[in-house]
Amino acid sequence: MLIVRRYIYHEILYRLFWIASLLFVVVMTNKLVDYLADAATGKIPGSFVFRFLWVKMLAMQPEMLPLVLFLSVTLAFSRLNQDNELAVLAATGIGKRTLLAIVARFMFLFCVLAGFIAFYAAPWAKTRIASLKTQAWQEANISGIAPGKFKELIGGKGVVYVEDVSLDKKSMEHVFFQRLHGSSGSVLKAAGARLEVDGKSGDRFIIFENGRRYQGRPGTLDYKITEYEKYGVLLEPGEEKTGVTSPDVVPTLLLLASSDNDRIAELQWRVSAVIACILLAMVGVLLNQYPFGQKPFTLMLLGILIYFIYHNLLGISRTLLEKNRISPYLGLWWVHVLLLLIIIVIYYLPQIAQWRRGRSGPQFLPAHK
């Protein structure tokens, strides 16, 4: 039995490594492109890209880990089924109940890991993301503005042209800025400009210094010329600070003591990451007792379909609970119970089908004289 257990663990771990690596690279590349785009437009400093990336990947692990484990178990047993090794194991007395026990023992370690990530690491990562956003907002520079080139500012606020940019990308020299106001517009020419963030509101401005402002309608000679020492243009309004802490960054111990539905939903969501590892692993084992278990591509599509239905039902239940549409006692638990019932049906369906075939066995007609 020890040899069989180690063999199955090896098959699962082998696929776990490759599936996790592939999924990690795909998700990381997608997020990296988003953060690089934000850095190029000046929304975040370039030095913050990889800081955001690694904490974001950590924050996403409670959703990714059950999927990785599910696909690993499913494909590992599919390979055993395809090579008729499951049939050999069954002939030696190692049936699906024993296989479920072996996989459950293996999943226990990953449930501990999933619990640590869901209860502690992911909330810390989301808290870190929030603090990085605040810090990035304060330290955002003028990335994307190159000397000698026209650049459209964030949100179409205007077009800017600069002759030179400081090394720290905080200030510009000899600046030309055009801004439209409906049918009219204004043109600013300044000796220098810099980005500035209001400490109270968080609004981000571009401050022009020592220049002139030309305002009027293009195509006419009716222009108003104003000289100024400082002139500010709002680039982006700051985020409103409501004083309400998002539930996904609240420590788990505080969630346990809370009676608010949004925090109860967050607590049940974190627990679901652990329960999902167990239930989905059982599904991965039991699916391979059917003929399509010998077709990895078909089995993988079916597995992904089951996961996304399960995950989406959890997400819908979480939203309903946050909006007080369902009771906390029902919450997300009904989704787990539904999957557990499906697992029971999948487990006993071959026996039920065999029993029905036995009852409707061959019927013998009486002999005619």
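This is a predicted model: local features need pLDDT of at least 70, side-chain atom pairs count only at pLDDT 80 or more; totals for chains, interfaces and linings use all residues.
The residues lining the largest cavity divide into 9 nonpolar, 2 polar and 1 charged, where Ala, Val, Leu, Ile, Met, Phe, Trp, Tyr, Cys and Pro count as nonpolar, Asp, Glu, Lys and Arg as charged, and the others, Gly among them, as polar. Residues are numbered from 1 along each chain as its sequence is written, and side-chain values use heavy atoms, with hydrogens and water left out.

Let me stay with the cavities. A search of the whole structure finds 3 cavities of 30 Å³ or more; a cavity here is a set of points, on a 1 Å grid over the protein atoms alone, where a 1.4 Å probe fits but cannot get out, and lining residues have an atom within 4 Å of a point. The largest has a volume of about 120 Å³, a volume being the space filled by probe spheres set on the points, with grid points joined across faces, edges and corners. Its lining includes Pro 62, Glu 63, Trp 269, Tyr 307 and His 311, and the elements that give two or more residues to it are α3, α7 (261-286) and α8 (296-322), with the largest share, 5 residues, coming from α7. These helices are DSSP runs (H or I, at least four residues), numbered from the N terminus, as are strands (E, at least two).

The second largest cavity, at about 50 Å³, is also lined by Pro 62, Glu 63 and Trp 269, among others. Here α5 (96-139) gives the most, with 4 residues, and the lining has 5 nonpolar, no polar and 4 charged residues.

Which residues does Val 249 touch? Leaving aside residues up to four places away in sequence, Val 249 touches Pro 123, Lys 126, Thr 127 and Arg 270, contact meaning heavy atoms within 4.5 Å. Of these, Pro 123, Lys 126 and Arg 270 also line the second largest cavity. Val 249 itself sits in the loop between β6 (223-236) and α6 (252-256).

Finally, Pro 62 and Glu 63 in α3 belong to a helix contact, meeting α2 together with Gln 61 and Met 64. Helices α2 (residues 49-59) and α3 (residues 61-82) pack at about 55 degrees, with their axes 6 Å apart, which makes α2 oblique to α3. Axes are lines fitted to C-alpha atoms, for helices over the stretch in contact, and angles run from 0 to 180 degrees between N-to-C directions; under 35 degrees counts as roughly parallel, over 145 as roughly antiparallel, 65 to 115 as roughly perpendicular and the rest as oblique.

Definitions and conventions:
On a 1 Å grid over the protein atoms alone, a cavity is a set of points where a 1.4 Å probe fits but cannot get out, and a pocket is an open set with protein on both sides within 12 Å along at least five of seven lines; lining residues have an atom within 4 Å of a point.
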